[in-house]
Amino acid sequence: MLLPWLLWLVVLCPGGGGEAAFQGPTSYHVIQISSFANSSWAQNQGSGWLGDLQLQSWDSDTGRAVFLKPWSKGNFSEEEVTGLEEVFQVYLNGFILEVQDHAHEFQMEYPFEIQGIAGCSLHSGGGTVSFLRGALGGVDFLSLKNHSCVPAPEGGSRAQRICALIHQYAGIRDIAGKLLFETCPQYLLGVLDVGKAELQRQVKPEAWLSTGPSPGPGRLLLVCHVSGFYPKPVWVTWMRGDQEQRGTRCGDVLPHADGTWYLRVTLDVAAGEAAGLSCRVRHSSLGGRDMVLHWGNPVSIGLISLAIIVPLFVLLTVPTLWFLRRRSYQSI
């Protein structure tokens, strides 16, 4: 399925740890979502992503890209950027017209949606690898392999006929090939260099434990909160000693206004089995040292409360005693 791939999960749940997990972004991809309500109305949405970081959005009204970072043009000149915008504008407009012209031929029933992702990534052995995949209604439809359109098995005969149609447009295939195999790698390497100050930024996470709503009689929902970290890749799990707990559940990684991230990781356990558990956090900003939070005895909550109440009691009591003693002296 293409849609889950488009979402590109970067949070690493149990089993995904390791140094490789904390490398910076190594890929750039463009997402296209084209919605067709009927034979006369359609709309394109587009965005550009460096790993999980959005760099551009597409303004369909002006036919221009909106750059979301000061460095998101990479090392491309204004003339090169304008030229690419014009290419994408022609492509997106032509894409809608072509689909509408062939919708009946390929038995596409309105309304429908076409999704696409295309880009390039750094190869572990050096160089770059380019990719392109398309989906219809969230189901894999076609992909690019060796500069050729390859129908997905899920697309059936319709995908085969569409690939056959695409192969007839040699000029378009040449332009797409140049964008994927030449322009994209050049842009990726350039933007990684120009944006390295922000991309290499490291902010240490803060973490704390709490309980969530009870899952049932005699059970606890342990919650490990990890907040304020950057970059986004993080590894968080509940542990018993050195053993990862399979019941660990990772929530969505949510953004803060300052660009850092928040994650909530839970574990459903029997109340009598909570003792001895800990939450382990691994992040590139921690310098190779894991952050470990141990689940304590519930009494510790009372101790925390006591630590707050006692100083407050002293602050209130001492001035009162001083005032009463002063009045007693004045009455003598």
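**Notes on the predicted model: salt bridges, sheet and cores**

1. Let's start with a charged pair: lysine 73 makes a salt bridge to glutamate 78, with 2.9 Å between the closest N and O atoms. Keep in mind that this is a predicted model. In total, the structure holds eight salt bridges.

2. Arg280, Arg282 and Asp290 are linked in a network of salt bridges. Aspartate 290 reaches arginine 282 with closest N and O atoms 3.0 Å apart, and the side chains of arginine 280 and aspartate 290 meet at 3.3 Å, N to O. Arginine 280 sits in strand S16, while aspartate 290 belongs to the loop between S16 and strand S17 (291–294), so this pair ties together parts ten residues apart in sequence.

3. Aspartate 290, at 26%, is partly exposed, and arginine 282 is partly exposed with a relative accessible area of 24%.

4. Eight strands make up an open, antiparallel sheet, running in the order S4-S3-S2-S1-S5-S6-S7-S8. Its edges are strand S4 (64–67) and strand S8 (148–151), each of which pairs on one side only. On average, neighbouring strands of this sheet are turned by 20° against each other, ignoring direction.

5. Within that sheet, strand S1 (residues 27–38) and strand S5 (residues 112–122) pair in the antiparallel sense over ten bridges.

6. Another is helix H4 (residues 170–194), touching S1, S2, S3, S5, strand S6 (128–136) and strand S7 (139–145); its direction makes about 65° with that of S5.

7. On to the nonpolar cores. The largest has 19 residues, and the members touching the most others are Leu222, Phe229, Val236, Trp238 and Leu263. Strand S10 (219–229), strand S11 (235–240), strand S15 (261–270) and strand S16 (277–282) each supply at least two residues of this core. S15 gives the most, with five. In general terms, nonpolar side chains in soluble globular proteins tend to be buried together.

8. What does leucine 222 contact, leaving aside its neighbours within four places in sequence? The list includes Trp238, Val265, Leu267, Val269, Leu277 and Trp295, and also Ser210, Thr211 and Thr266. Besides this, there is a second, separate core of 17 residues, with Phe95, Ile114, Phe141 and Ile162 among them.

Terms used: Residues are numbered from 1 along each chain as its sequence is written. This is a predicted model: local features need pLDDT of at least 70, side-chain atom pairs count only at pLDDT 80 or more; totals for chains, interfaces and linings use all residues. Side-chain values use heavy atoms; hydrogens and water are left out. Two strands pair if DSSP finds at least two bridges between them. Helices (H or I, at least four residues) and strands (E, at least two) are DSSP runs, numbered from the N terminus. Axes are lines fitted to C-alpha atoms, for helices over the stretch in contact, and angles run from 0 to 180 degrees between N-to-C directions. Contact means heavy atoms within 4.5 Å. A nonpolar core is a set of buried Ala, Val, Leu, Ile, Met, Phe, Trp, Tyr and Cys residues joined through side-chain atoms within 4.5 Å. Buried means under 20% relative accessible area, exposed over 50%, partly exposed in between (1.4 Å probe, protein chains only). A salt bridge is a side-chain nitrogen of Lys or Arg within 4 Å of a carboxyl oxygen of Asp or Glu.
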